[in-house]
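Trainee: I'd like to learn how to read aromatic pairs and a chain interface. Can we go through them together?

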Amino acid sequence: MQRIGVFVCWCGSNIAATVDVSAVAEAVKSEPGVVLATDYQYMCSEVGQAKIKDAIKEHGLTGVVICSCSPRMHEATFRKTAAAAGLNPYMVEIANIREQCSWIHKEKDEGTEKAIILAKAAIAKLNLNAPLTAGESPVTKRALVIGGGIAGIQTALDIADAGYEVDIVEKSPTIGGKMAQLDKTFPTLDCAACILTPKMVDAAQHEKIHLYTYSEVEKVSGFVGNFTVDIRKKARNVKEDLCTGCGVCMEKCPSKKAKSEFNMGLNTRSAVYVPFAQAVPNVPVIDHDACIHYKTGKCGLCEKSCPSNAIDFEQQDEIITREYGAIIAATGFNPIPMDDFDEYGYSQNPDVVTSLEFERLMNAAGPTKGVLLRPSDGKHPKTLVFVQCVGSRDTTECGKPYCSKICCMYTAKHAMLVREKYPDTEVYVFYIDVRTPGKNFDEFQRRAVEQYGVNYVKGMVGKVAEEDGVLHVQASDLISGTQMHIDADMVVLAAAIEPDKSARPLATMLTASMDTNDFFTEAHPKLRPVESPTAGVFLSGICQGPKDIPETVAQAGAAASKVIGLLAKDKLTCNPCVAGSDELLCNGCSACQNVCPYGAIEYVEKEINDHGVREMRRVAEVNEAVCQGCGACTVTCPSGAMDLKGFTNKQIMAEVDAICRN
Amino acid sequence: MQAVEKAIKEKARALLADGTVDRVLGWEKGEYCYDNTPAVFTAENLGNLVYNSFCGANLSKYLIAESKKEGRVLALLKPCDTYSFNQLVKEHRIDREKVYVLGIPCHGIADVEKLNVKGVKGIERIAEDGGTLTAQTLYGEKTCEINDVLLERCMACKGPEHMAADDVIEDTAPVELRKHDRFGMVEKLEQMTPDERFEFWRSELSKCIRCNACRNVCPACSCLKCVFDNDASGVAAKANVDTFEENMFHIIRAFHVAGRCTDCGECSRVCPQGIPLHLLNRKFIQDINKNYGEYQAGADDSSAWPLVDYTQEDVEPGAIEGGKN
């Protein structure tokens, strides 16, 4: 029989306000095995932990139940406490009476009743616990960064500077991401290229960093410290080792009508192309959809003109398998499509553009060489209307419920830059709220209004209709309560941003969780903001939530420091809660092997002595060093041969029984 | 079917003679002429082998034990039996090398219950001619069309093709495929209110006498030791506590075979109480088709079945609970 101590935490008023903690302690005193039940204000504090340690020694406890917050929060804390008092750390059970009880109940009676039931379930489970011993696993001292924008580049540089190898996998032909497309950056207005391109070069030249551009992650297996990743290196059809980046192929290419992705489709590029002149690596790729050779089998001008024989039409995709200790998701964002917002006429009118397109129109390396010309007729626009929150803070089907966070600032930037370059223009900004919390941000936006004379109007644009090259903008001014009609030459939409589409399949591969908007979820929104709940997976940049460049860089550095902390270790403590198979019950059906996400299960032919009958059988064997204790195999096994230490079928059944008994 | 029976015997004799196989798994006459029973034959007793519209038993499950023995066994598999065979090969329960599959044609199996309802009772002998059954009964000669007395599973026939076969007896007079909508009743149950549905199943399952025939005949129920027979698992004891134990037994069984059930219909065929057990399985099959794409268990012998396979196109759990995908 166990000797169990039950410790009920008030968590200040977090639990105590909706759960009668002393009633919980009283109610479980007579449960099987319980020799002590008590409550305290903050069980996780030094005093609280001392109470647990003292009780273990004084009452000779063989196990403790802590009724407190989620085990995610403090299970590790209390395991350490128990270990310090000489108890096996796996003889600690947490009854979550906060997140799953006090926080969701309003009535104290209900909260208390549920807390008692949860405590009894934990006690029932603990009665069947056995001490477990953790093993160790090695750490592969290399990190994988997925995404080569500013977030990925910064994370990689920081990890590499600490002396660890880093691979960056970027799906487009160059690193640089969205920041490379930007013109100036707020709030200091330095040019994005000037501060980004040196970092791109640093990343390319760093001896510890390897770039896989035009590549995608195809498969991820393994676990923290020991990931195995298949990277699909798409065929560039240009040999990286031979190409000198001279650009002759692009000049000679007769197919020049493909839309430039980098310039947001505002101009065209050749079929063999680098996205932009400062691309890293400066090695072109061939776009099969646009290339005459792939369409007709003829042409081949690039091949003939290449002075270094780098063109290879036969090149195939390549799968590269690499081992990593940590993986950082830095998959970034895209503006949402504007097609569903009929009121702005984006699809019908070339002079209605998104802010990212506007960046290209203002950029010295853009399609207009930085001269602001409207796309329809190449004339200078005289009146510009900026519309904020297009799809942001929008709970309808076409929008996003969240604030995209960066639009207020870049719109102020755009307005300011237009007024500075072209003082003869009239600029209007329509907004719901102006949100400028950030160092020097509010001052920046005020400068746009006060110094540059930008007309900020609180209200939304209802309709944009084109007539003879003029965009009639109908809007409401909420302050004066009047309707406005503006004849504009251009309308710029601050489109909401959303996570890149590659993020969801990646999250699935990484078994990392996502929220309803497809942003990666943090391990803890406040205390572990750069870690995913999946051990060994870290988050950098907008894939975790909207943020601007300074925040992205700060988070990228934070993620790097967490990765460095992991890679600095030689060994990691394994989870002793691993699966095991009862060979006498195993049918050899392979169902468990199919569901195991870690490849931890192998089948072997083995002589089994089944109550005197000896026969060769095909049975499952679990590699305990690889098993992560997820339990998928235990629920899949039809005969109940698979069981999980620390969460045995019997323990779970005991918990269910304890709950149903009430 | 007499011609087919003759062809089977000839083929079997030849394969036994040239040493390709050591024994034959087929059917022999049972206590009555309409309850043909699985049996193993050698050259000596091969004459007792029968094949007609009363050979319902799916022989694939018997191959688990047969393929463990020395030598090679000739298995007579009707088209729908080959699905179960493949599924068992997939689960490594049958040693494929030790089985010679002879695919045999099938024109549908007669349901004796339906014959009785049609007034064909006290059957002593039955003869078949094309689609017509002629029975000598205690009450004189009676005839009926096989199409009127088919097992429900044969109304929703999977087709004449064998999914696995080393050789096939050709069907010289094929019949038209019957296209009964096998999910019709499932849909009906789905449209009931939860209370009505509960009442339906409670009334059906309360007939259960726990004879275990469904489990014993089911090719997917091939565990060395069933959780219900394993005291240590605690499952049986748990089910017993409930006043409505059969609920648990049949629902747990349906969960255990989900994704592996080929819809062979043996469970319902053997149930002495006439419980439509196949409807539980079909509900799972329908859900799998809906959520993971059309899938027929046992159509091949190697692919991972949807519930243990995982693709990025898999539906999100929210969609299954009726939420947004």
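Mentor: Rings of Phe, Tyr and Trp (its six-membered ring) pair if their centres lie within 6.5 Å; planes under 30 degrees apart are stacked, over 60 edge-to-face and the rest tilted. This is a predicted model, where local features need pLDDT of at least 70 and side-chain atom pairs pLDDT 80 or more, while totals for chains, interfaces and linings use all residues. Residues are numbered from 1 along each chain, chains are lettered from A, and side-chain values use heavy atoms, leaving out hydrogens and water.

Trainee: What kind of aromatic pair do A:Phe262 and A:Phe276 form?

Mentor: A stacked one, at 4.3 Å centre to centre and 15° between the planes. Both A:Phe262 and A:Phe276 are buried (under 20% relative accessible area, 1.4 Å probe, protein chains only).

Trainee: And how do A:Tyr402 and A:Phe519 pair?

Mentor: Edge-to-face, with 5.0 Å between centres and 70° between planes. A:Tyr402 counts as buried because its relative accessibility is 12%, and A:Phe519 is buried at 3%.

Trainee: Now the interface: how many residues of chain B are in contact with chain A?

Mentor: Contact means heavy atoms within 4.5 Å. By that rule, 22 residues of chain B touch 24 residues of chain A.

Trainee: How many salt bridges does the rule find across the interface of chain B and chain A?

Mentor: A salt bridge needs a side-chain nitrogen of Lys or Arg within 4 Å of a carboxyl oxygen of Asp or Glu. Between chain B and chain A, the rule finds zero.

Key: Buried means under 20% relative accessible area, exposed over 50%, partly exposed in between (1.4 Å probe, protein chains only).
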